[in-house]
Amino acid sequence: MKIGVLKETKVGEKRVAISPSIAKKLIDKGFEVLIEEDAGSASSFKNSDYEAIGASVEKRGVVFKNATILIKINPFDEEDLKLVDKGHILMSQLYHKSNPKLIESIAATGATAFSMDAMPRISRAQDMDVLSSQSNLAGYKAVILGAYEMTKIFPLMMTAAGTITPSKVLIYGVGVAGLQAIATAKRLGAVVMATDIRMETKEQAESLGAKFISVDNTGEESEGGYAKEASEDYARRQKEAVNKSLFDADLVITTAMIPGRKSPVLITEEQVKQMKNGAVIIDLAAAQGGNCEISEMNKTVTKHGVKIIGTTISPESVSTNASDLYAKNIYNFIMHLTENNEFKWELDEEITDETLIVQEGKIRKN
Amino acid sequence: MKIGVLKETKVGEKRVAISPSIAKKLIDKGFEVLIEEDAGSASSFKNSDYEAIGASVEKRGVVFKNATILIKINPFDEEDLKLVDKGHILMSQLYHKSNPKLIESIAATGATAFSMDAMPRISRAQDMDVLSSQSNLAGYKAVILGAYEMTKIFPLMMTAAGTITPSKVLIYGVGVAGLQAIATAKRLGAVVMATDIRMETKEQAESLGAKFISVDNTGEESEGGYAKEASEDYARRQKEAVNKSLFDADLVITTAMIPGRKSPVLITEEQVKQMKNGAVIIDLAAAQGGNCEISEMNKTVTKHGVKIIGTTISPESVSTNASDLYAKNIYNFIMHLTENNEFKWELDEEITDETLIVQEGKIRKN
Amino acid sequence: MNELLEFISNNLELIYILILAIFIGVELIKNVPSVLHTPLMSGANALSGVVIVGALLVMLQANPKDYLSLGLGFVAVVLGIINVIGGFAVTDRMLQMFKKKK
Amino acid sequence: MNELLEFISNNLELIYILILAIFIGVELIKNVPSVLHTPLMSGANALSGVVIVGALLVMLQANPKDYLSLGLGFVAVVLGIINVIGGFAVTDRMLQMFKKKK
Amino acid sequence: MNITLSIIYLIATVTFVIGLKMLGHPETAKKGNLIAAVGMILAIIGTIFLHDFEVASINYILIGAALLVGTVVGWLIAIKVEMTKMPELVSLFNGFGGASAMLIGIVEYGNKVGDAMQTSTVIAAIAIGSITFTGSLIAWAKLNGSMKDIRLPKYNLLNNIVLLGLLAFSTYIVMMGGNHLFLIYILLFASLVYGILFVIPIGGADMPVVISLLNSLTGIAAAITGILYGNMVMLVGGILVGSAGLILTFVMCDAMNRSLSNVIFGAFGGDGSTEGVAAVGKTGGTVKKTTASDAAIMLNYASKVVIVPGYGLAVAQAQHVIHELELLLTSKGVDVSYAIHPVAGRMPGHMNVLLAESNVDYDKLIEMDDINPQFPNTDVVLVVGANDVVNPAAHNDPSSPIYGMPILDVENAKHIIINKRSMNVGYAGIQNELFFNQKTSMLFGDAKAALTDLVSELKNM
Amino acid sequence: MNITLSIIYLIATVTFVIGLKMLGHPETAKKGNLIAAVGMILAIIGTIFLHDFEVASINYILIGAALLVGTVVGWLIAIKVEMTKMPELVSLFNGFGGASAMLIGIVEYGNKVGDAMQTSTVIAAIAIGSITFTGSLIAWAKLNGSMKDIRLPKYNLLNNIVLLGLLAFSTYIVMMGGNHLFLIYILLFASLVYGILFVIPIGGADMPVVISLLNSLTGIAAAITGILYGNMVMLVGGILVGSAGLILTFVMCDAMNRSLSNVIFGAFGGDGSTEGVAAVGKTGGTVKKTTASDAAIMLNYASKVVIVPGYGLAVAQAQHVIHELELLLTSKGVDVSYAIHPVAGRMPGHMNVLLAESNVDYDKLIEMDDINPQFPNTDVVLVVGANDVVNPAAHNDPSSPIYGMPILDVENAKHIIINKRSMNVGYAGIQNELFFNQKTSMLFGDAKAALTDLVSELKNM
Ligand SMILES: NC(=O)c1ccc[n+]([C@@H]2O[C@H](COP(=O)([O-])OP(=O)(O)OC[C@H]3O[C@@H](n4cnc5c(N)ncnc54)[C@H](OP(=O)(O)O)[C@@H]3O)[C@@H](O)[C@H]2O)c1
Ligand SMILES: NC(=O)c1ccc[n+]([C@@H]2O[C@H](COP(=O)([O-])OP(=O)(O)OC[C@H]3O[C@@H](n4cnc5c(N)ncnc54)[C@H](OP(=O)(O)O)[C@@H]3O)[C@@H](O)[C@H]2O)c1
Ligand SMILES: NC(=O)c1ccc[n+]([C@@H]2O[C@H](COP(=O)([O-])OP(=O)(O)OC[C@H]3O[C@@H](n4cnc5c(N)ncnc54)[C@H](O)[C@@H]3O)[C@@H](O)[C@H]2O)c1
Ligand SMILES: NC(=O)c1ccc[n+]([C@@H]2O[C@H](COP(=O)([O-])OP(=O)(O)OC[C@H]3O[C@@H](n4cnc5c(N)ncnc54)[C@H](O)[C@@H]3O)[C@@H](O)[C@H]2O)c1
């Protein structure tokens, strides 16, 4: 079976869905791999790297024509779909819940489409879970970005020219990204505080050296590892509990998301006004509306002396690793779906069921 | 006595020579402090912060007219000197050895000038040593910059989506900046290697967790804590010893400088060609010609798949802390030079002697 | 009570020995690392086989016609010597594991 | 030699006591932290004042006319009791520094 | 008494003290045992040849025969027995010593009648000897597995009544004076029964403590017979064992964090016993608890150890201690590495962050796929605060939520030590059959505390 | 002998053993001293009132007077003496004990003549008593400062000849039998002289060892008089002191890293003495070495401890251990903080990086300016691998390259413990007078090893 890897077209995207090392593994398993020209160059994978391990590097049209499985990271867009036909099997993140129109367009081509972001959060699916693998890197890079943007350093330093007090970092949302952000900020010597609606994250945050700001969350619940939308009452209680730390913070990283919905607003403009001059907010939830009222996607807004950066670009910016991990997820997923190089999926199996969004032109989920 | 603090005019410079907290200390000691408008804004110090502690914020002309002591970070330039006259005492970094023309211009005004970068490297001068205090921050920020620019993450990470191997960081020059770079990279989980011409730095590098690459340095010497220029033979031996690590490195930070001279070229283009695709070089010596053949000051050059960043802007980019430390150095220096708010310097005292470059129009050092 | 007092004053030195031996026993064992508890127990057990001396005395002193004494003494000696020999041997084996690695 | 053997067999229990007491003395002191060396020395010194018992016996048994014995005994008792009382008191003072924190 | 014999006894006594002392240190223990053995043999030979009464040759022949039989039997058993069966063997031997004292008492009763002091000595020898005899046999049977714990209500009371009766009866015999062989047999019988009653209800895990206690009693019995004969080596040797054994008993209780009375009486009445009751696995296995010192020995004498860290390590913040443990073992010549499961902890790379903080060498961290083939030649796996990532249900139980997840196959190692605080489940919320594995010992406790204990035990070795 | 008295003696003996034992642990030492004292008083009172011979009332009166005088004198001296003069006082008291034994021997010589064994006992009491008497007096005078060390060539030889002569002469007296009071006086005189000769050449710093040795001898003298009277309390008490004192002597030598023979004979001839000679500071002070256990006690009983880390901590990579030490002390109720000098280490913030790695609480790190005023009420400062940053030359010595640099004023603390590997200099290349300060004890060794030792000592307390 032929696997085609497309170059990402989204602005700022540097990743590639399959890295040379994973391409090699696929080839070893008997697949043929077609890589679109220069697909890997922004992740420091050269065309020659792919050729060296036996993949063929082709022009875009050739990939679409020859490959059965088409792989991307970002959702297939209208441009892509023009070249997609019935026989294709698409794999990428589709965000089907928030993208019904796209799903319909895919269905219209008659193709089959799997969405990687629909992976169920169960233990045995962890090695195919792209949200996990990418959020993890996002958490790391958010801190690096923050450290880069700040006019202060993270660690406490007692020097002949005076003492530099440690930066205070506040993390909203202790999911995968939040945890890695805690770990990274802590490593660099910051004083880290964190909060989350799910109480079980307290122990986790503390296991990485953060102070947890508990907000009484009676009445709030989570499902399947994800948080549900919070009540207004909770939001108020949260603000009360966190404000002191917020107004004292040098760097704030927000990661709070609720799948398929707008992200909760955790920091209002009113709060930003009271923050320290020179503070930085990195809003990783910006793509879904943002946790900070002011943040705009892919923009750096400076308001009230605070720099607010709305971004999801963090995993892209460590594209080499991010591509590697995404590729490994895809590899594991393909292994899960195939047997002896042939698809052999069972629709009542949870992973297949949850990720198979469009089956031969039929929409299964929305 | 009136102290005037000028806004830096150099492009990219964000620091300010005196921060509000130090301004307050000066005022408490009986000095008057005049701050040029918006001098601190890029370091997140507002005009109002200065006013709040009793300094007066003035237009540029007023500062020059009213103040006796004029303080800057970067060398006074022709623009500044137009407003300088006989009674002024200038304090800033002057780099008098490499700037004879500037020194002559200063002398021509009849003013007195101290150069902060001429501070002797003796224990009791450490709290006035701006090179130390700024290099230190530069070392930190160089790593942050590197981590930001790289497409890989620093730490080893064994995840469900595969293992990310740790980044390899190579540091040339284990001075103040180099040591802090080692510490910071190590904290973030990188595998750190370092090399220096001075053998006593081996223990120091190791005390921070780096592996030291020893180059036999018979015949090379250092003086007054600084390295002397290395022989060609040494340069060859150094390349042999370091190449393996260099070609394997993901991030290279070079800090090797020899005071008053062009920096030694430690990485030739030939070597860059053999480096890993996607590697990053941060050349902190770029201002003095650079340790990497390819690097250009304040530019990011990508060549042979390697990103080479020539910069000294690192301390500026943590301007808040950098300004604080610089200010503290200046404060200590002023305290050293004055008694009861009046200058009372002894020319045979080492610190005064070394830093006093121009005395009432007479050039003392060059 | 009186008999006891008399016994004490007759056997004063014995009592000193008793008390001192108790102190020694306690002092010797108090700070033993717990890995040695079992071998130590085993070694002490072998030592308690010193009762064999009594059994031997029984047999030595027994009238050759006194079959009961001789018989019981015989059994006592057998059991006692098993305790001694077996005890020391087992202890030795247990302590094999404290051989230093090369 | 014979006399010695005889002495041993006559005073067997005494010898046991001697040996056991030596062991105890050794065991007790072996692992003492060195800050305690001086107080311990001082305490042991007070204990060695037990020789006063002998001095008392001299005086108790002395013929009231035997001025020499009485005199020497008197001095012996004075010196001995100084050793005892002074010894314990000094030790106690030295040990002040080990008062537990509140 | 013969003066040479006296001196031999004196020497033997000294070897006992020195031997016991040397047994207290790992490096000298073996030598100490030998020294004591030499002393003992000296005493035996001396007793046989250096007495000052006439002995018929038949007696000598019988003595020789008895010694020969006993030596051969004792030696063979000791040499043949499996390592794991040693503790029960010690109990058996101890019982024999008790029996020997008992028999001596019976024989001597006739000779010593009249003198109240001597009568009481004889009686004490008989009673104590018998109790240790049967008590040790029961302990042996229990450790053997051939006897189960029996727990009856009010056992405690019953037991104490028997004991008091025994004491009263002994006093009565002494008071009466005269020769009452029949009463002695009753006493003998009652003591034998009490030995049984005493040990029967005590839990199998507590047996070592009981054996130590019985051992101490045997020593006392020997000492008492020593008084009977005015024999110094028996007296001092016996007392040494008596007091050392008693202290050892307390020390052992201490190491198990229990009081002696808790061990002896805790078992009665069926109420205080919950703590000792282990959870039972699906397959009916039981959990085997271990102590820091036992675990330390296992680790110390292993050639290859693999550490499996999990979320619990992070919760306990035990990263520094585990690194110390690793270094310590390495310095003792053990080959140590860490097996890092890709989803150990609660975030990707959780273990990496943690272990990097304590400066664990990156080379020591082995990925799952690389370490799994190494488990079969791993002597000990030390699992610290991990659960799901070593749960064989991932292989075996299709109904399990983690079925199909790759795990660390620690089951293949020779021994498994698992440290966690309780039998609680991990993230996936499922029980772990590994805990009930034959090869598994559970080291309960907070990871930081447990590892700190391990480290200090190891340092003492 | 009176049975009650026997029992009192028995009790007294037990109190001696227990008291000595308790004296070996810091927490129980005070109580142990008291217990032994009570036992001693019991023995004294018992001896006076519970004997079974007739005593004239004049004797009683004299005994009362003697006891009164001695008690008052002993008590007053003990209470009045300065803390620093205590060791010499102990020596003086010890001499009195020896003298007492000597006097008893002289009195009893007349009564015991004839029996060779008893004669030798008396002679031993006289000889040993006299030697300890004069020896202790000399030791007292030396510690007092009223006598200087005297070193003569071939002293060693002379001394040994005297000793051998003494032995030979004693044997001769015993062999002769009969009453030879005159010979006894010669023996007495020779012994007194030997005591002087023995102690005179030994260096002042070694006096504590000698005192301990003399103390042990006094114990033996007491035991010997005990044999003379068949008195158990004297025998056992004396032997206890004798063996304990001897071991203590060895332990003390060990702590000073010297052998006993080195102490006693090393002084002679002036050659073997170099190893014990400490470096001498400019101001002529000497360096005081300490051990992990002493340092641990100091720390344990402090209320406030300040740790001063320096470059050596980084070199040794001892950051994890120091954190462990800090936590341990804190858990024992000690107030612990770190004093961070701005240029400690080799880069700005070096100590911060290091201590952050081991998760030391930021709040525990105190800046120089804030900690300096706290030193006067700091009980112990623990300097680990720092040198220049605590060098008082920065204040005192205008010629020093660091003159004018602000330093941590650890001199103001009550005690200073400094850990480094040697007397080597730091970055600035200059010697540090602090090491020669009266209040300073040096704990030599690699920081990691030394701190690990400290931690394990502390754990045992
Ligand atoms: N790595 C990731 O990215 C990630 C993300 C989300 C979820 N997960 C899931 O998390 C699990 C990770 O497996 P795991 O084996 O590391 O952890 P685990 O299965 O959650 O087990 C951890 C065990 O540690 C013990 N523990 C907790 N605190 C302790 C302490 N202070 N001292 C000693 N033991 C302690 C607990 O038992 P006691 O309570 O009895 O002590 C618990 O059973 C997997 O199921 C994985 O799917 C992983
Ligand atoms: N912080 C900065 O930015 C900076 C930069 C450059 C220079 N300096 C200078 O560096 C000095 C810093 O003072 P400092 O007190 O931290 O250090 P220091 O004066 O250099 O003294 C360090 C001491 O640590 C001991 N040491 C080394 N390794 C050890 C080990 N493994 N275990 C135990 N001890 C060890 C050494 O003595 P032994 O050899 O006897 O063990 C040495 O005397 C100042 O003079 C400062 O001016 C500082
Ligand atoms: N077992 C598995 O297979 C597996 C795999 C991956 C992730 N997970 C778990 O799933 C969970 C979610 O991970 P994620 O990072 O993808 O979550 P996410 O990106 O959806 O959300 C990030 C965090 O924001 C928090 N949040 C939401 N609303 C909030 C509010 N109003 N205030 C404060 N916090 C709020 C959430 O609780 C979550 O912790 C994590 O616990 C993770 O460990 C499990
Ligand atoms: N005691 C004090 O007062 C004091 C204060 C500040 C700095 N210092 C010391 O001064 C020294 C210099 O510090 P710096 O950071 O300003 O130095 P720098 O910036 O001049 O040079 C940086 C490093 O590059 C090294 N280098 C030069 N040529 C090289 C070559 N060809 N190859 C490899 N390495 C080369 C130098 O040895 C130095 O370590 C340091 O050791 C520092 O600790 C002392």
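User: Which helix of chain F gives the most to the shell around ligand 2?

Analyst: This is a predicted model. Within it, helix α12 of chain F, residues 311–316, gives the most to that shell, with 4 residues.

User: What makes the site of ligand 2 a shared one?

Analyst: A residue is counted as near a molecule if one of its heavy atoms lies within 4 Å of it. Residues from chains B and F surround ligand 2, so the site is shared between these chains. There are 28 residues around ligand 2, and those that come nearest are F:N387, F:D388, F:R421, F:S422 and F:D446.

User: How do you know that the backbone of chain F makes polar contacts with ligand 2?

Analyst: The cut-off for a pair of N or O atoms is 3.5 Å. A polar backbone atom of F:V343 is 2.9 Å from a nitrogen atom of ligand 2, and one of F:G345 is 3.0 Å from an oxygen atom of the ligand. For F:M347, a polar backbone atom is 3.4 Å from a nitrogen atom of ligand 2. These distances are within the cut-off, so the pairs are called polar contacts. The protein covers 94% of the 920 Å² of accessible area that ligand 2 has on its own.

User: Where does ligand 1 lie, and which residues come nearest?

Analyst: Ligand 1 lies between chains A and E. Of the 28 residues around ligand 1, E:N387, E:D388, E:R421, E:S422 and E:D446 come nearest. Helix α12 of chain E, residues 311–316, gives the most to this shell, with 4 residues.

User: Why is the pair formed by E:D388 and ligand 1 called a polar contact?

Analyst: A polar side-chain atom of E:D388 lies 2.6 Å from an oxygen atom of ligand 1. The limit is 3.5 Å for N or O atoms, so this pair qualifies.

User: What share of chain E is buried, and what makes a residue count as buried?

Analyst: A residue is called buried when its relative accessible area is under 20%. Of the 461 residues in chain E, 58% are buried. The secondary structure of this chain comes to 17 helices and 6 strands.

User: How many charged side chains does chain E have?

Analyst: Chain E has 24 positive and 31 negative side chains, and the centres of the two sets lie 3 Å apart.

Note on methods
Residues are numbered from 1 along each chain as its sequence is written. Chains are lettered from A and ligands numbered from 1 in the order in which they are written. This is a predicted model: local features need pLDDT of at least 70, side-chain atom pairs count only at pLDDT 80 or more; totals for chains, interfaces and linings use all residues. Side-chain values use heavy atoms; hydrogens and water are left out. Helices (H or I, at least four residues) and strands (E, at least two) are DSSP runs, numbered from the N terminus. Buried means under 20% relative accessible area, exposed over 50%, partly exposed in between (1.4 Å probe, protein chains only). Lys and Arg count as positive and Asp and Glu as negative; His and the chain ends are not counted. The place of a charge is taken as NZ of Lys, CZ of Arg, CG of Asp or CD of Glu. A polar contact is a pair of N or O atoms within 3.5 Å; within protein, one must be able to donate a hydrogen and the other to accept it, and residues adjacent in sequence count only if both atoms are side-chain atoms. Accessible areas come from the Shrake-Rupley method with a 1.4 Å probe; for residues, only the protein chains shown count as cover.
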